[in-house]
Structures are given as C-alpha cells and as structure tokens.
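Here is a short report on how two chains meet and how their parts pack. Please keep the structure in view as you read.

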Amino acid sequence: MSDNTRRLQVGPFNRVEGDLDIRLDIATDTSDASGKGNGKGTGTVNSARVNSTLFRGFEQMLVGKPAMDALVYTPRICGICSVAQSVACANALANAGGVQPTANGIRSQNLLLANESLTDLLTHFYLFFMPDMARPVYQQQSWYEPVAERFQAIKGNATKQVLPARAQFLHLMGLMAGHWPHSMAIQPGGSSKAVTRQERLRVISILAEFRRFLETTLFGADLDAINELDSVSALTNWAAQDSWQSSDLRTFLHLSDQLTFSQLGRATDKLMSMGNYPQPDLAGSSLSLQVSRGLWLPTAGLQPLNTDAIKEDVSHSWVEDGSGAEHPAQGHTEVSLASSEKPHAYSWCKAPRLNGEVVETGALARAVVSQRPLMTELMQQQGATVHTRMLARLLELAWMLPQMQQWAKDLQVDQPYCNNTALAKEGEGAAMMEAARGSLGHWIRLKNGRISHYQIVAPTTWNFSPRDEQGQPGPLEQALEGAPVMAAEKDPIAVQHIVRSFDPCMVCTVH
Amino acid sequence: MARANLLWLQSGGCGGCTMSLLNAERPDLVSTLENAGIDILWHPSLSEQTGAEVQALLESVIAGETPLDFLCIEGSMLRGPAGTGRFHLLGGTGIPMIQWVSKLAEKARYTLAIGSCAAFGGISSSSDNITDATGLQFEGELRGGLLGSDYKASGGLPVVNVSGCPTHPDWVTETLMQLVLDEGHEDDFDAFFRPRLYTDQLVHHGCNRNEYYEYKASAEEPGDLGCMMEHMGCLGTQAHADCNSRLWNGGGSCTRAGHACINCTAPEFEEPRQSFVETPKIAGIPVGLPTDMPKAWFVALASLSKAATPERLKENARSDHLIYPPTLHKKNHK
C-alpha cells in the first residue's frame, strides 16, 4: 500500500440489527500536513467491501419440514422483521397451496405488518440513527448541547419517551397476534386470531394514542398537515414556522442541513419496491395495493417491475457456486468449509441483481415508486442520500398511520378471519412484498405436503450485497465511495451515518 | 452487589430477544435497569460506542482491567464449519464469536444465556444443524455445549438459561434483579438451569381456554375457540413458562392468538415429534399428556368430561366467534 492510502476494517457495527464488518480503502489527502506520509490524514473512501458476518442456514433448515411448520421457523429468521417474514411465508404458502385469505385476514395481516414496520421506523430513528449526533466528534458544533441531551444513547431524554410509546403501540400485537416478535397467528388463509368487538375498539384506541405521540413529539404537527407537504418548498416553509428544537423532525431537518446529509451516501439511484398492503374493498371482492410495486430509474422514471429478472450472484459470497447466478425459484444456498475459503469471496451475503443491475430498496423506494410528490422531487434533486433515506422513513410514519386507523375501522368482527381450506400437497409459489427495510421475497415448492425448496431474498440482501461477477459493488459499497474520513478516525463518522441510513438488518440479510 | 455492569453480545440468533427486551414496561427498560442498579457496559442496540471502542472494551474485560458482572449472550454458538467458528466472526475482528465468548465467560461474575438459542442451541440448531450450533452449556437436553458441563462463572453459578423464543422482557429483567440482590442460588433454577421465577408455572395456567379444556371441547382449525391440546399440537399443559398468567405485549399470548403453545422455553422444542400444529396420537389418544397426570386417569376423566360437554362449549369450540354466550341465570322473583 502506498503512503497516501490506508485501509480500515470497521466493526463491530452496533445499532444495526446483527453483525457487520466493513473494509475501507481510503485515499488520504497528501496536502494535509498532519497526515503526510503516515497514512493517517484526512481523506476519502476509495472503495468499500461489506461483509455480513453471520450465517445460520434457514433455507436448508426448511427443506423436508411439513408445509405449515414454515410458519414457526420463518418469523425466527429475524427478531426485528419477524411479522414481515411471517406474512411473506403465509402468502407464499397460500400461493403455492391455492388458498385465498379472507378480507378480514388481509386487514389483520396489514395491521400487523404496519405495526411492525412503523415500530421499526421509529426505533431506527430514535435508538439507532440519532445517537450518532450526540457523539463527541460533534462537541464543538453550536447545536450539540440540546441534541446530546435529547438523543444521547441510553441517557438522552428521548429514549425514556420513545420506549413506552413503542411498547404501547406494540400492544396491538398482544391483542391481534399474541406477542411480538415471533407472532404465529398469521396463516395462509388470514389470521388465527379473530378480533372481537371489544378488541377492535382497543386497537382503534392504541392507534389514536400512537398518532398523538407522533404528532406531539416526532412531527410537531397534525399528520394530515405533514401528509399535505407536497413539495420541497412546502417542507422548507413548514420547517421555518417554528424553531428547529420544536419537534424531532425539525431537529433532524436542521442537523441534516448543517451536516449536508443531502450530499452523503449516494449509490445507484435505482429504486425498487415490491409493493405492499393489498386492500380488500368492503365487500372483499377486489384488491388494490396501498404501496405500489415498481422500479424507478433516474432518467426513465417509473417502470414496471419484472421479478423474473431477479438473479442471485454468488461470485463473492462464501456460498458454493453451483450453476452460477440463479432466480430464487431455482436457487440454492449451500455452504461448506471449502466455500468459506473461496477465493475473492468476502461475505456470507449473496448479491441479488435485477436484470444484472444494482438496485436499492427501502422506504425511499416505496415513496418514490408510489409517486409521493415531495420525495419524488427530492429524489430528482439529490438522489438517494442519507437525507432522503431518513426523511422518507419519517414521512412513512405519517403516511401509514392513518391507513392503519382505516383498516382497524374496516375490521368486520362478525366475518371470518381465516380461510381454513387445506393447502394443496404439491405446488410452487412465491410472495413478494415490503418489509420495513425494503423488498422481501420468499420462493417455495411443496412436495407431498412437505417443503422441497425454500429461498429468501431480504431487503438488506439487496442493499448490503457484495460485488457480483461483473465486479459491480452493492448499494452500500457504492454509497460509501467518496465518504469523507477525518484524520486518525478509526470508525469514520460519515461511514457510520451512511451505513445507518440504510437501517440494515443483518440477520435477515444472510438468514 | 451495590451496582453491577452488563455486557450483551449477539451471535447465532435473530436479535428477537433484544427486540422483546425493549418491550419492557412499567417502567421502560432503561428505567428498570437503572432502578435495579445495573449499568449497561455495552449493548449492541442501545450503546453509543462502536467498532474500535468496543474491541478495546472487550480486550479490557479479558485482560481483567474492567470487571464484568453480567455477561449476557443472545443467539446460539456457531462452531462450524468444521470447528472453525467461521459462520460467525465478530465484525471488525476476524475472530470467531465462540472464542470471544469463551474468553469473556472466564471473567464474568454471572453468565446468562438469553433465549433458547443461547441456552440450548434452539432454532439455529434445527434439522441437520449445518452450522454446528450449540447452547452455552447445553446442547439440547445434554449438558456440555460451548463452555462445558463443569463451567461456573466466578459468582459460583453455571450458565443461567433464560430460555424462550423469544424471551419475555420480564424474564430477563427479573432474573437480573434477583442476581443483583445476590438472591440467586442453585435451587432457584430448574434441571435445565432456567430461573424458577417463571418456569415453576405451566403455560396452561391462566389459559383462557381452560373451560374448553375441562370438557375436552376441542378446536379443529386455526382460529377455533376450543382447547388446542387434542388436535392442534398445543403443549401448554407441559410447557414450563408463565405466558398466560404474565401475558405479553399488554395482554397477549400464543394461545390467546389462536396458536398452539410450542413449548419454546424447552430444549429441543425446534424439532417436534411430527408437526408443530398437529397433536401426535396413538389410538386416538394424544401422546404427550399433561405434566404430572397419570395416563389412565387422564383417559378416564377425558371420556367422562367429553360425555358431559355442554352444547355451548361444543359449538363454540369449533367456531372462531362466540355462538352461544353463557346462559343467564335469574333469581326466581315472581
């Protein structure tokens, strides 16, 4: 290595779900006297390699199990997106086994999924992302003191406000799914929990209480007013109506501006959403998706999503090569001592690609693919950055909570929650939907009532994928290129912000 | 102990026990730990320190420079492939997690396995166990595991197994409180070294389907209101945990949500006899009978109570909605 580069291995990364290790090659600025010659000066990230360090092997584990037992194993892929894994599994079983969920069952699944996703969005902002603003590296900033008082890890006053609000919001799970995580109520035909008249009222009350928390603490505004912000200028005007400390969203906007998050962490700008929340009409006869499915490209704009064009590349993964990149309906995930020593491999994560292209997934993609005007305008202006990823997540809370309130009202307590038609013993199916962190797909085959094939591609598998056969780095790897590194930094703060802007879930990533 | 510190690490699991822990209420998790006199030395979801700072902290514990009261491990210990431990290298270090845990466990005053993965291997050891996953001191029901059957933490106890998939937040916080008060003795733990604080009860206790159980009025399909023991695979009468008396997330439990208890606090729960959701039977009689119940008596009582089942329970048991509410008895005022 020459004098003006240095290499860093960063980890363990915390405040992400699971284990992560990143290798950075940094070009140091030779004009910087402090760093000259010793490779410790300020610089920028030249290239990054992202290593998902944990492998458990759910895809093999599931083969041979009775079909319905998948509903016990799959939520346990991930303790943070457990309901998303459950819903994907139930829908894949329904698809393979020829079962149609009831209208109440779909409403229940939507409510449970949104309960988990919104909990994740909230937890990520308060517990995983914002504590970095209270790190000593920012001590000299004019805004530091109040921000540290509010967001410092464990000690900040936000934690003691958010934990109870989060726990009470999750009471919906207690009522509708037994507990969270690893709720097992979700079925191919809907839900095994028929919500009673009394319980429906409690659900409506829980949602109203959480809405109050969002309005008073996070947004400092009515959710309808937040949802009406339909342009960048409308957002700027709204933010200027009160001090930056008046709500946590205003605080984020201020800090994002001060730290130029709008120029940090740009990757491919190609955004994918698999769509979410099928909505039955009140008669239960037709379905529409509340969050759209599609692909957004920088120049071409919104495109249809062709999920047949998904292939998982394993050229840089510690996974046996098999017959090269495959669609998950055919794919394999075999590992061994030999595969763990594969040359050029550096992660347990595979590299899913769409038509051979690197795409990013998450709340930003959902907003843009669903043509939400404010996020679309910001996307056109600055692309996918730390700023747009974070803002999309916060705005999704405002977008989805009123939907949840409507679904709860629509529950028809005298109608069935579950279609208990038995699954066909043979079949092939898939489910593709959105978890909090982005697109999630399950692909399944049933033979003689048992699982003969199961493949999973999770959101962070896309976002944190390693290089592919063409040498294209994954989204995070691209987002880290160009990140500034300060002199002598061992865990560069810009790298921390960029990584956490993806809200990674590493246990899902490899599974 | 006056005040105690706590280090929490995650390995071959899903992070669900941490997510569940954050659900602690009245008061919230941070306040509960503060009140108990517990300082978080480092927890992956809660702490500020990252990367090099964490490595330095772990090194300092191993070197004996930072005393450690509670070592909490979540997730199973992955020994594969071929004994290398490479299925989980601790990020930033290139060193297998099983090595970090073994070294840290030598220094801890108490070592706690949080969740059934860390306790017994759990879900991560299902099927062919391709990652060679094990618990800290048990591999399934067998003593041994990563640390070996002779291991004792410096406080004198073997690994405390706060099992469950996931763990209830109170199971974790109450176990910690008990140990902070120096009130944890060998006989406060059961044969699998689980805290008797919550394993001296059965999931059956407090089950709101008990009236259906009494009359053997059974559910036949997901969502049915009846008892799930006869057909649906429910193990609540054998499962050691207080899920139905303590309740989860403000008032739920698996059985209240229409799902069988899968006995997730037990070693080897991850490999049921046939399926999680079907009761194995011989000659029409469930194989696993309620704990402490002589088989002949169970069969005799079951056939008697079945014969006496009121119409109300018989019909409601096979419906997802209440069809017949209990009959109202009026006093005979004329």
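## Where chain B meets chain A

This is a predicted model. The contact between the chains draws 73 residues from chain A and 63 residues from chain B.

On the chain B side, the elements that give two or more residues are α1 (16–21), α2 (29–36), α3 (51–62) and β5 (89–90). The largest share, five residues, comes from α1(B). By class, this side of chain B holds 29 polar, 27 nonpolar and seven charged residues.

## Helix α6 of chain A

The buried residues of α6(A) are A:Ala158, A:Thr159, A:Val162, A:Leu163, A:Ala165, A:Arg166, A:Ala167 and A:Phe169. Within chain A, they pack against α4 (103–129), α5 (144–151), α7 (171–177) and α8 (197–219). They also pack against α2 of chain B.

## Two domains in chain B

Chain B is divided into domain 1 (4–199) and domain 2 (202–320). Their C-alpha centres lie 32 Å apart.

In the contact between these domains, 19 residues of domain 1 of chain B meet 13 residues of domain 2 of chain B. On the domain 1 side, α5 (116–120) and α7 (196–199) of chain B each supply at least two residues. That side divides into ten polar, six nonpolar and three charged residues.

Terms used: Residues numbered from 1 in each chain as written. Chains lettered and ligands numbered in written order. Predicted model: local features only at pLDDT ≥ 70, side-chain atom pairs only at ≥ 80, totals over all residues. Contact = placed C-beta atoms within 7 Å. Helix = DSSP H or I, 4+ residues; strand = E, 2+ residues; numbered from the N terminus. Nonpolar A, V, L, I, M, F, W, Y, C, P; charged D, E, K, R; others polar. Buried ≥ 20, exposed ≤ 12 C-beta atoms within 10 Å, placed from the backbone. Domains from an automatic or database assignment.
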